[in-house]
Amino acid sequence: MSGSKPDILWAPHHVNRFVVCDSELSLYHIESAVSSELKAGSLRLSEETTATLLSINSDTPYMKCVAWYPKYDPECLLAVGQANGRVVLTSLGQDHNSKSKELIGKEFVPKHARQCNTLAWNPLDGYWLAAGLDKHRADFSVLIWDISSKYTPEIPVATEKVRLSSGDTEAGLVVTKPLYELGQNDACLSLCWLPRDQKLLLAGMHRNLAIFDLRNISQKMFVNTKAVQGVSVDPFFHDRVASF
C-alpha cells in the first residue's frame, strides 16, 4: 500500500481467492499448475499451485488499509481507507448486481483530514463500517459509518479533503455524517467488533485497549497496554482477545 508494505486479504467466502493490496488491488485465484509456464501476471506458489491474476483495481490511490465486505452479497465489495481519512467503497469487477452498483464509489469523509489506519466491518450488521483515524486535536478518531446512508453535505467538501480522492465524486455518493463518533483526543490504530454483540467495539488506542458500547457511548472500558497495533477476538471464546 502507499508508503507501506503490501498486505494480503483472503476472500471471506472463497478459500482459493485473495487480494494483494499495494499501490493497486490485485485479485488472484489459486489453482493447480498445469504446465511449467506461467500466464501473464500469475504467481508461482509451489511446484503444484499457481495464483492466476483475475482483475486489477487502480481506482483508489493512497491506500492505507483495506477491509473486505464479510457478507455474500455483494461478495467483491471492499472498503479502502486513504491517507486523508476518507473511506471509499470499491469493487474487484466481479459483481454486476444493482446492490453493488449503488455502493461502489461511495465515499465517507471525516470532519478533519488525517490518515485512516484501520477498518472493520460489523459481522452482524453488514451496513456498519468502523474506521480508526489518526489524532486531530480534540476530534474523534473512531467513526462508525452506515454505508446505506443517503446523507449528503449541504455545502461542498473542502478542497484539501478532496485532493487525495480518486477522481470526481458525485455529490450523492459523499457521506459526511457518521453514525457514531468515539475515541476523542487519541489516535486509533486497530479495531475489532466483538462477535457476540453487534454494538461492542474493541479499539487499540494510543496506550490502551478500549471497549465501546454503542448503547452508552459516554462510557468505555479500557486496559492499559502498549500492544495496540493489532487486535483480534478468539473465534472459539469470544471473551478472550489477543493484541500486539
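Reader: What joins the side chains of Asp-197 and Arg-215?
Author: In this predicted model, the side chains of Asp-197 and Arg-215 are joined by a polar contact of 2.8 Å.

Reader: And which residues does Asp-197 touch, leaving aside those up to four places away in sequence?
Author: With those set aside, Asp-197 touches Leu-124 as well as Arg-215.

Reader: Where is the place of Asp-197, and is the residue buried or exposed?
Author: Asp-197 lies in the loop between β15 (190-193) and β16 (200-204). Its relative accessible area is 16%, and because the cut-off for buried is under 20%, Asp-197 counts as buried.

Reader: Switching to the open sheet, what is the order of its five strands?
Author: The order runs β1-β2-β3-β5-β4, and the pairing is antiparallel.

Reader: Which strands stand at the edges, then?
Author: Those are β1 (7-10) and β4 (43-44); each has a single partner strand, so one side of each is left without a neighbour in the sheet.

Reader: How many bridges are there between β3 and β5?
Author: Strand β3 (residues 25-32) pairs with strand β5 (residues 49-57) over eight bridges, in the antiparallel sense. As one example from that pairing, Ser-26 has Ile-56 in β5 as its bridge partner.

Reader: Last topic, what pLDDT does the protein average?
Author: The average is 85, and 86% of the residues score at least 70. Over residues 154-169, however, the pLDDT is below 50, although this stretch has 29 contacts in the model beyond near neighbours in sequence.

Reader: How should the predicted coordinates be read where pLDDT is low?
Author: Where pLDDT is low, the predicted coordinates should not be read in detail.

Notes. Residues are numbered from 1 along each chain as its sequence is written. This is a predicted model: local features need pLDDT of at least 70, side-chain atom pairs count only at pLDDT 80 or more; totals for chains, interfaces and linings use all residues. Side-chain values use heavy atoms; hydrogens and water are left out. pLDDT is the predictor's confidence in each residue, from 0 to 100. Contact means heavy atoms within 4.5 Å. Two strands pair if DSSP finds at least two bridges between them. Helices (H or I, at least four residues) and strands (E, at least two) are DSSP runs, numbered from the N terminus. Buried means under 20% relative accessible area, exposed over 50%, partly exposed in between (1.4 Å probe, protein chains only). A polar contact is a pair of N or O atoms within 3.5 Å; within protein, one must be able to donate a hydrogen and the other to accept it, and residues adjacent in sequence count only if both atoms are side-chain atoms.
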